[in-house]
Structures are given as structure tokens and as C-alpha cells.
Amino acid sequence: MSAPITALIDGETVTAVAGEVWSALVGEEELLLPRAVPVDGPSSWVTVTGPWDGVVVLTCAASGTADLARSVLQLDDDEQPTAEDVDDVLRELANILGGNVKSLLPGPSALGLPETGPAPLRAEDEDTCRVSASWRGHDLAITIQGASEAPATTTTEVPK
Amino acid sequence: MRALVIDDSRAMRRIVASILEGFGYETRPAGHGREALDVLEEGWVPDLACIDWNMPVMDGLQFVSAVRANPAWRQVTLMMVTTESEHGQIVKALAAGAHEYVIKPFTADAIADKLSLLGLMPAASSPGVPA
Amino acid sequence: MTTALATSGFDWVCQLVRRESAIVLAPGKEYLVEARLMPLARQLGLPGVAELVERVRARPEPALVRSIVEALTTNETSWFRDGDPFTALTGTVVPALQAARRPGEPISIWSAACSSGQEAYTIAMLLADSLPNATSRVRITATDLSRAMVDRTRAGRFSQLEVNRGLPAPMLVRHFSRVGAEWEISPALRQMVTASELNLAGPLPRLGPFDVVYLRNVLIYFDPPTKREVLRKVRQVMRPDGWLFLGAAETTLGVDDSWERVPCGRGSAYRPMKGK
């Protein structure tokens, strides 16, 4: 019998991870406020493969992506980040979120390279965990999709 | 002091470089390990390399092994700056020859602390010495 | 209901933080002050930050002032903060103690403002790595004014951002394991540390005697008579050949003349003067 994956990856932990990422990278006083709304906008994601396969997706309302890139890159308020900059920032945020989520899993897992685009929906997977937040009034969501069961922490059966 | 900043994210290269430049470093960017080796082979051998782990073409761990395999580059201090944060991954990077390890996300203070530990924090007032 | 922080209260907090830490809070950061001080207000059973500021303005207790300044200035305490007192520990102090004590005789160390425990565990790691039998021979007493900080020290758990702050990677992998999103110090090292609440400005409970005391960045928050009183009490719980480490900007000189300043590593330590 295995435990649900939410025993390892739950909303509270993902919120804490996102809070650390935001405070370190986006700006320490830019608080993420919890908010329960569906978010529509560009996404970035990384895959996690290993004993548990899944994907960590960051979705940001289109209204907020330029602002987010400007904050991470520490550009002036009137400076417009390029589309490439915006994509790059979204990818890197997904990469960092993904790496931190991966570290919650037992056993060695691999992180893919981050991508951007419309969020990948894996038909066989449910949302394992979904955290939505508001940052400077823009909606954000971090979604973990993947198998609903946690990988076993130890192998008890030794194949002969 | 010179630092090579190796990361496939331009945003991250810019963040790390601007922190290091704030401490008086001269920096050069590289988008992956192979590009970074090109810079070293060209003769630009830095005091410090900040190295992401997951990158296309050549990843950070392969870069660390390549640098350690060449005695001419022994003076380069290798610091991983990566979101890879399992205990086992850090052990692996140190075993390959990395000197320090910074986990993303990090603050500028975290980089400053590590540079102090490594003896690579330039004195605040001393002007850069051309190598 | 909480009361918003009035401009005068905010200005007062800014001046306080600037005076105590030289850190400038820019105008418009009222929400930051609110967010950072709210937990402290709640801890004291006050409805809001405005009431907290009102209370401390009316009666500026050093401990509370310190908590406010800390809440607004420090994000994470560094490991090996101002490295000199730690290199001095393994380079000078421990060899001297080994020479002066019987083999296996316990060594007692006090981390007198332990915050979330980084100082106490830095000491534990250094000694575990350099002194045989350290885990059974060394006792580290960690105290702090704040119950929350004492609880954190006891737990020995640190966030990713905290372990990023100046903890050498080889020590991280040797002495910590991952627990969820956090890192936890090994049970052997945690057993070396006993944490409890203590107000340095009040009467001290039975403590010590200590071979080494770390009393760093605490005295700066006290007025001269309190500083002298704290140093006098510390001397009473130290062994006559003990070592005291203060913060880089602190000294006993001109405060309490019963200490001798000695060069120690690249910095200084203070030792009880004979016959005082």
C-alpha cells in the first residue's frame, strides 16, 4: 500500500516553497496572498521523473507577466522587458519551483529543462496540488500534476 | 577578481552577475557548460565559476568534472548555484569537485556569505587589480 | 480589530531601526513594518502593531526594542556569522582547554543570544569535526529571550534560505538531513545543545560554569549600567580561565574593567582578570 502523494507534496509546503522563491527572487516585500481563483494565462513548467512522475506548472495572468519579469530582472518601472525576457523569467521560476518540489520526493529524481507555452495537461493525471495566489493584484497558480500515489520510500521486495 | 556565470537562464545570469559585480567582480556569461569551457580554453580563467546544474548541451556536473580534470584550471573555485537541492545531489557535486553549493532561491546575502567563506570576497574599498 | 500604524508611529520605528542598526526603511514601507511586527504584537497579546509601537514608545524595554529591530532587519541569521570567533574556537580556545583540562573532562559553552540556533549548532558542528568525543564531552547551553527562538533552536530545523546563509556545503551534507522542505540537524548534534528562555537583563538562574561564552550583538542594545551588570553576571558563571566572545562592534573596555582583552585568532576574546 502506498500513501497519497499529497502526504509528501501538499498545499502548505508548496505555498512555503513559493513564498521563499518570491521573497528571494521577486522582491522581499512582494507578498504572495492566498487566493482561490482559476488562473488563465501563459504557463511555464518542468517535468519531474523518477519514482514519481509529474510536472510542476506555474501559470501567471497575462496582465502580470511583464511586471513579474521586471521585478526579477530589477528593471526600472518604465522599462519594458522583451518577450524573450518574460519567457526566460517564467521558465526559471518554474525551474526553481520544480527543483524544490522534487526535493520533497524520496529517492533520486530528475528535473527536465523548463518550457513555456500553454500549460500541458496530462490526461491521465489529476491536479495533485494546486496553490493559487495573488501578487501585486495579478493572479498566479502553481499546479503539481502527476500520479496520485506517493512512491514507496523503501523497497521491501527483493527480486530473485 | 573574475567570475564566470554559467546558467541557461539569461535572467539568472543577469542576477548572479549583478550581485558579483556589486562586489567588484568582472564577470562573463555562459549559457551552458560547453560554452563555459570555451571561455576557459580561450585563456580567460576566472577566480570563481557559478554553475547551474540543469543546462542543455553540457550540464553543470559535467563542467565541474571537466574543470577538475585539467590541472591548469586548479585555481578556479567552483560554486554550484542550482535548484537541485536533495542531500544526495549536493554530495554528488562536492564529490565531483565543486567547492561550494548555493541552492536556488538565494539572496544576495547568501552569495556574500559563501564568498566570505571561500575567501573570495574582495575588500570593499580595494580597486580591482588587473590580472 | 487592529489599528493601522499612524505615520508618527512608522517614523518612530524608522528612527529606531536606523539608530540601532544603521538600516534605513524607505518611506512607503508601512505595510512591511506591519507584516513583520504583527507576529510580535500577537505574541504579546496586543491587538495590532500600533499598540505595540505605543507600548514600546511609552516604556522602551531593551528586550522588546531588540525584538523589533531584529524583526525589521534580519531575515536569516548567518552560520559562521563574523567567522573569527569560530575559527578562534577551534584554532586557539579548544587546544588551550584540552591542555588545561583532564582528558574527557566536560567542556561547557554558552550561546547567550541564540536566536534560531545557528550559533549553537555552528559551535556543535565545529567541535564534532575537530574534537574526539565532542558529542559526549561538549555541552552547549543556548538561551534566548524569545520563546519562539528557543523552540526553533530546540527543533534544529532550518529552511532552504537559512541553510544558504554561510553554512559550508560539506558541513550541510555531513550534519543535516532533508525533512520535507527543510533541513534538520543530526540527532547527535542536537543532543549537544540544550535550549531555554533567559532574559540577560534579569537575575540569572543556576548556570555553568562555562568554559566559553558567546555573547554577541546583545550588549549593544543595553545602556551602560545594564551592560556592566550583564558582564558581571556572565563572569560569575564562567570558569576563571574561560573565554568570552563579544560582537565585532562590542567591547568590555570602558564598561567593566574586570576583563582582559586578548588577541584570539584574527579577532579578540575577553578573559576574566585574575583577582577581580
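A salt bridge joins the side chains of A:Asp85 and B:Arg10, at 2.7 Å from N to O. The term denotes a side-chain nitrogen of Lys or Arg within 4 Å of a carboxyl oxygen of Asp or Glu. Five salt bridges are counted between chain A and chain B. The model is predicted: local features need pLDDT of at least 70, side-chain atom pairs count only at pLDDT 80 or more, and totals for chains, interfaces and linings use all residues. Residues are numbered from 1 along each chain as its sequence is written, chains are lettered from A and ligands numbered from 1 in the order in which they are written, and side-chain values use heavy atoms, with hydrogens and water left out.

Polar contacts were also counted between chain A and chain B. Eleven residue pairs qualify, both residues at pLDDT 80 or more. A polar contact is a pair of N or O atoms within 3.5 Å; within protein, one must be able to donate a hydrogen and the other to accept it, and residues adjacent in sequence count only if both atoms are side-chain atoms. On the side of chain A that touches chain B, the elements giving two or more residues are helix H1 (11-26) and helix H3 (83-102) of chain A. H3(A) gives the most, with ten residues. Helices are DSSP runs (H or I, at least four residues), numbered from the N terminus. By class, this side of chain A holds ten nonpolar, seven polar and six charged residues. Ala, Val, Leu, Ile, Met, Phe, Trp, Tyr, Cys and Pro count as nonpolar, Asp, Glu, Lys and Arg as charged, and the others, Gly among them, as polar.

Chain A places 23 residues in the contact and chain B places 21 residues; contact means heavy atoms within 4.5 Å. The two chains bury about 1,800 Å² between them, with 53% of it on carbon and sulfur atoms. A:Asp88, A:Glu92 and A:Leu113 supply 26% of the area that chain A buries against chain B, more than any other three residues. Buried area is the accessible area (1.4 Å probe) that two parts lose on being put together, summed over both.

Chain C is divided into domain 1 (7-73) and domain 2 (84-272), with bounds from an automatic or database domain assignment. Their C-alpha centres lie 28 Å apart. Six residues from domain 1 of chain C and seven residues from domain 2 of chain C form the contact. The area buried between these domains is about 710 Å², and carbon and sulfur atoms give 59% of it. Zero salt bridges are found across this interface.
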